[in-house]
Amino acid sequence: MTNRHTIARCNNIATEYDSDPDQLWRQWSRGKPVAFQWHAARRGYMFSVEQERLCALIGPDWRTPVLCMALAVAQPILAYCSSTYSWKTVITLSATCGALLAYDLQAICHELGHQKPFVHTPAAWSPTTAFWYYCKRCIFNKKVSHFLGLLASTVTWGPWYSYYFGKGHEHHHQFVGTGNDADGDALFWIWERVPFQALDTPAGAVLWASVASVCIPVIYFARLLSCLFFKPSANIPEATMAFIDFILKILVNMVLFRYCGWRAIVYIATSSAFSMGLLCHPCIAFWIMQHACNATSENYGQPSSIEEWNDVLAAASVGCFQFHTSVQPTMSYYGSRLWNWLTLNELLHVEHHDFSGIPWTRLQSVTALLPNMYKGEDMGAFFSLYGDIIFPWITTCGVKYDFACRNAIQWQIAGRVFFVRQTLAHQKSSHLSPRSVSSQHSSRSSSQRGDCEDATNGKLLTWRSATTWHTYDTLPKQQHVLWRQCTM
């Protein structure tokens, strides 16, 4: 139960900032830090404002296992039915109903990977409460989640069981945007750019998305084998899950081929491929948008306010540099409530990373509960699948998007080193106060990349080498706003 003193304090804060619920967030953070810190800072603030109602949303939902079993039965039934259809009808069916079912099977596997065992004890016991308590204990436990996740994964061609139940996705949530997040290098590099210069055209982008959608299982298993070779002990559990999933996929497809023929196999394969972006199917929007970078400007780390300059100088005086970023590393889609429900609210990705313990059925309630935190003026969002996400990705040449703002943050880190060193040197030679120094620097233009490289002794800091990342558990739980490195 929520402590009544905490509830009273949260109510006081909500009343104080009732005219502008986002005001406290702006005053507190004065900028958006690295991806996982950004989400942790938002989470801490929102819990301080709406702790009681947010806690009520956290916990497993009975509709998740029911939907999982329904989807896992529906996909083989459609595969069986497709055996009597023409090839044209099979492809049409796989691009519509089949793609949505395959996508939802991936989404439900993702949801089950986050689902925690039911541990809430009733305040008062009765025969009815005891019955429902033990029913929930039986349904919402780790073994059942693994069974359902494996069931959902075996009727698709995606490696979703090992991907979401292994430690990789857990690390993605804890360290998104840093060197400890393997998702970017294991999977999302596919959509960051096309691999060959000859394909760097709109037609080439569609071709690459189609080839990648078919090859994603191969790419994932190749990446997993390389990790298993270099770090066997850390990757044996995920490799074991992948092996079990692969064997069961072969058995399911052998049964389908034996009783339904090639059309059923083609239906399952093309449904999975369309759900991962074949011919830039609408489902590709999820893979492109979830950690697309919303960077308002490339100021290369130059502080944007006097308060931020004072933070920089205070840190520099003790041999550290401290930086705020002006980027948003996770995005959500608010264009169609129906499409969000059909895709199990996976496109509400900011909400999901803020509160991964809240199930898909309640994520829209989070948006409605704190609208300024998700639809405020300083928040970027998508409202059109093709206009805002897919067409820009197709037509963009070179780097198509920056996964979790890793490149934008890289330049801001290098720029911050440059600005701090320049400021300290100027302050020391001119004996200026921090306010006058920050006023002078706020009026000058942004540094060029060559200056950033010079400031780091000719070697550009990368998003891996520029930071000494701490583990999630060693960071403070309430205020993950400012990032420091004391190695100047």
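The side chains of Lys167 and Glu170 are paired in a salt bridge, with 3.5 Å from N to O, where a salt bridge is taken as a side-chain nitrogen of Lys or Arg within 4 Å of a carboxyl oxygen of Asp or Glu. The structure described here is a predicted model, in which local features need pLDDT of at least 70 and side-chain atom pairs count only at pLDDT 80 or more, while totals for chains, interfaces and linings use all residues. Residues are numbered from 1 along each chain as its sequence is written, and side-chain values use heavy atoms, with hydrogens and water left out.

Lys167 and Glu170 are separated by about one helical turn, because they stand 3 residues apart in helix α9 (residues 167-175); helices (H or I, at least four residues) and strands (E, at least two) are DSSP runs, numbered from the N terminus. Lys167 is exposed, with a relative accessible area of 51%, whereas Glu170, at 37%, counts as partly exposed. In these terms, buried means under 20% relative accessible area, exposed means over 50%, and partly exposed lies in between, with a 1.4 Å probe and protein chains only.

In total, the structure holds 6 salt bridges. Side chains of opposite charge can pair when their charged atoms come close. Another such pair is formed by Asp245 and Lys249, whose closest N and O atoms are 3.6 Å apart. Both residues belong to helix α12, where they are 4 residues apart, about one turn of the helix. Asp245 is buried, with a relative accessible area of 0%, and Lys249 also counts as buried, at 9% relative accessibility.

A salt bridge is also found between Arg63 and Asp61, with the closest N and O atoms 2.9 Å apart. Arg63 is partly exposed, with a relative accessible area of 39%, while Asp61 is buried, with a relative accessible area of 2%.

Turning to the cysteines, the structure holds 1 disulfide, defined as a pair of cysteine sulfur atoms within 2.5 Å. The disulfide joins Cys293 to Cys405, with an S to S distance of 2.1 Å. The torsion about the S-S bond of Cys293 and Cys405 is about 105°, so the disulfide is right-handed. The pair links distant parts of the chain, 112 residues apart, with Cys293 in the loop between α14 (284-289) and β1 (294-295) and Cys405 in the loop between α20 (385-395) and α21 (406-430). Cys293 counts as partly exposed, at 24% relative accessibility, whereas Cys405 is buried, with a relative accessible area of 0%.

For Cys68, the closest cysteine sulfur is that of Cys109, and the distance of 7.5 Å is too far for a bond. Cys68 is buried, with a relative accessible area of 0%. Cys135 is likewise in no disulfide, since the nearest cysteine sulfur, in Cys138, is 6.6 Å away, and Cys135 counts as partly exposed, at 25% relative accessibility.

Helix α5 (residues 87-114) has 28 residues and reaches 38 Å from its first C-alpha to its last, close to the 40 Å expected at 1.5 Å a residue, the expected span being 1.5 Å times one less than the number of residues. At Gly98, α5 bends by about 45°, the bend being the angle between axes fitted to the seven residues ending there and the seven starting there.

Most residues other than glycine have a negative phi. Leu279, although not a glycine, has a positive phi of about 55°; Leu279 is found in the loop between α13 (262-275) and α14 and counts as exposed, at 57% relative accessibility. Ala404 also has a positive phi of about 55° without being a glycine, but Ala404 lies in the loop between α20 and α21 and counts as buried, at 0% relative accessibility.
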